[in-house]
Amino acid sequence: MTVTSRGIMTGVFFRSFPRLAGRLAIFWLLLALPLAVSAARVEGTAPRAHVLVLMSYHHGHSWEDTILKGIDEWHGVGNAQRPVFHVEWMDSRRYPEAAQRQLFTTYLDEKYRGQRFDLVITVDNNALEFALQDSGPLAGTPIVFCGVNGDPVPIVGGRAGVTGVAERFELERTLRLARMLHEDAGRLLFLTAADETGAGTRETLRRALDAMQVELPVDHWVVDNLAQIAPRLQALPEKTLIFAFGSMPESPGGRTLGSEEVVAYLRARTALPLYSDLDRTVGYGAVGGYMNSGLETGRVTAGLAVRVLAGEDPAAIPYVYDAPLVLVFDYKELRRLGIPTRKLPEGSTLLNAPPSIFDPEYRGQLIAIAILVTLLLLTLIGLLLRSRMQAERQAALRYQATHDELTGLPNRRWLMEHLAARVPEGKSLALVMLDLNRFKLVNDTYGHSFGDELVAEVALRLKQWLLSDELLVRFSGDSFVIVTRCDGDAALEGVRERCSKMLVEPFLIKGRRIPVSAAFGMSIAPGGTDEHERLLREADTAMYEAKRSGRAQVVLFDSGIHERAVRQFQIEAALQLALERGEIGVHFQPIVDSDSGRIAGFEALARWTHADLGPIPPVEFIRAAIESGRIGQLTQLVLRVACRAFVPHLCAHGQPYLAVNVSVSDIYADEFSTRLVEILAAEGVPPDRLVLEVTEDMLLGDVHAVTHALARLRDQGVRIAIDDFGTGYASMGYLSNYMVNIIKIDRSFVRNILTNGSDQKIVRAVVSMAADLELAVVTEGVETAEQAALLRQLGCVLLQGYAYGRPRPPEEWAVDGRLEALSV
């Protein structure tokens, strides 16, 4: 075999390669080590960035102090190396003169001669304007600004290398929040300083108020000094909300107070609610709200500065217009003004709030206490159940005779046998009788088994509210009696307070939430009395007085109630004869088409003058008719009399209609539609000229039953109107389902419509939605020309009220469809 020299050399190379490679690696390592050490030394000693922080005002100005604190928290904005900060205060608030500005310029030029800044951070408008105009050491240096009041674009102009955070007070959110917390506010007052910052603030206010279209009166006080306005604060109207923005001098030529000092100054001189724009003012007298945070502003500014120092072009960083806000309130101010904390927005922070067991530090103790209380309650319930079971086994027969089967409560027989023994001699015995409101409607709507279950749940709820020495009796169907002691006014108030809270929470029956209320009547007599029947009669009378008046509290029997009860009995006794003799007549009140000025219809209103009792208000004899079961007779009589009186108006121009109120029980009665047809035919009134007005509570019934009842009437050709719309439970969804024709806006929305913006919005919304559903709208309670004019602007055409005429006998109205003396 022949081996060439080339092959020999190759073999030698590969055999010696490992040794040679090792020597080369050592050589390069020794060569690179000094270079690495040198590079590390250079990196470790790299110069830090120098940042000039230019403050517009003076040290001790809290707003700028907190911004500076936020900027100083450099470690909280990433891993960037902390720069060298040079902080300078211009003091332009106390010394705004041009000469002072020139002195400050000279000072900077001499102090930082030869110094190069990597970035300038400016705080407030004056500092930004100074940095932009400087031709010395700051010329061309990137700028990050903050605290600029108003739009920074006009200030910056075309200058490159500028970004920052604008100070934009969220006036709209705080103003809406203040309006929500002070629903009865009548005037807004804005206090701003007579300087450049104040001018910017007023421009922001102008734009915000224009955008919000605030309906309240607004005042602007431009403040030269606080001593000037101090006397005027005492003369402000009671329901004024004060908004104070910015720093202001305390007196002519005196010290300028920071925002929190301004608020404290005002709070010491007025009890009116105070609002401001800075979080520092909360705790010094400001209520709170969406507040600008100097600390958060400083942190955001530092974040922008980090990006610029890292090499990012400031022109590519958009201005931050959403100034950092905190939602904070002063608990003491809320308590002073009577504002509950539950009205505050979610996420609110409270200052000066008392310690709470719901704080996390108390959570463990709270859980332990809750477990202990739960165990105690379970033990107590177990003992009570055991005791009850033993008692039931021992007296089963007696229990059946003296207790109610549905609720297990003592019944009326038991009450009469044991009433005398309930309270010792010398103590006052009190009976509280309660009767559920609208219980018949529950039975008619959901059935009697549903009603029985509701009564049982009510009984359970009432038993839970009893004291140990009290007794609960089921007196009759949906009536209960509570037997208690009442030794003085304090005990009476205690009973009233408990009764007002018993039925606040609705009941859940077969998956339905049923709100329940009751009327409470109370009678008191000395213990040991044997006049138990009188006590029950007086409690029953007081209960019916509460039911008629709609009062929520316990009504205590007195002689006045007795006199009213006697009068009600007399009215009920005379009502049947009045119905048989046709003594009840009608008056007509016009419903006017405000566009044409003609009468669009008449509402028939029942009137009764008794020979002995005199004129009886409709509310009294209608109530008597309902309670005596004669409401159907009364409705048919009013329909017949109204139709007969309406006949002369059938040929009037514009074909006015006749509106008659009917009760819910009338609508549901099977024979009502038949009687209606007979009356219309007998009196010669076309069905399409009659409108039946029902109240909103009819729509609470079973959907099928309501639809069927209204369909029977529509088949006769009459129209349906929902009376007093907005005061009950109706909604546009109901109206669409049941296909009514007219809604009548309740007078409660008209009474204050000239001054209440909410009422105006509600009326406008109802008119708009009614138009979409092709429903006519009648607005009740129009009493003045100003109300009528505003309602027409809101789209209301058909108007009714004293402005157009009071109810009068039908024959006194012109039959040509025109008003004889149009008052609006």
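View 1. Of the 824 residues in the protein chain, 44% are buried. The model shown is a predicted one. Its secondary structure consists of 27 helices and 30 strands. When contacts between residues at least 6 apart in sequence are counted in the protein chain, 67% link residues at least 24 apart. The protein chain has an accessible surface of about 41,800 Å², and carbon and sulfur atoms account for 54% of that surface.

**View 2. The two covered faces of strand 28.** Strand 28 spans residues 742-745 and is covered on both faces. Ile-742 and Lys-744 lie on one side of strand 28, and both residues are buried.

**View 3. Strand 28 beside strand 27.** Strand 27, made of residues 719-725, runs parallel to strand 28 and is joined to strand 28 by three bridges. Across this pairing, Ile-743 of strand 28 has Ile-722 opposite.

**View 4. Strand 28 beside strand 29, with the connecting helix.** Strand 29 covers residues 776-779 and is parallel to strand 28, with four bridges between the two strands. Here Thr-779 in strand 29 stands opposite Ile-745. Between strand 28 and strand 29 the chain passes through helix 26, residues 757-772, in a β-α-β crossover that is right-handed.

Key: Residues are numbered from 1 along each chain as its sequence is written. This is a predicted model: local features need pLDDT of at least 70, side-chain atom pairs count only at pLDDT 80 or more; totals for chains, interfaces and linings use all residues. Side-chain values use heavy atoms; hydrogens and water are left out. Buried means under 20% relative accessible area, exposed over 50%, partly exposed in between (1.4 Å probe, protein chains only). Contact means heavy atoms within 4.5 Å. Accessible areas come from the Shrake-Rupley method with a 1.4 Å probe; for residues, only the protein chains shown count as cover. Two strands pair if DSSP finds at least two bridges between them. A crossover is right-handed if, with the strands pointing away from the viewer, the path from the first strand over the helix to the second runs clockwise.
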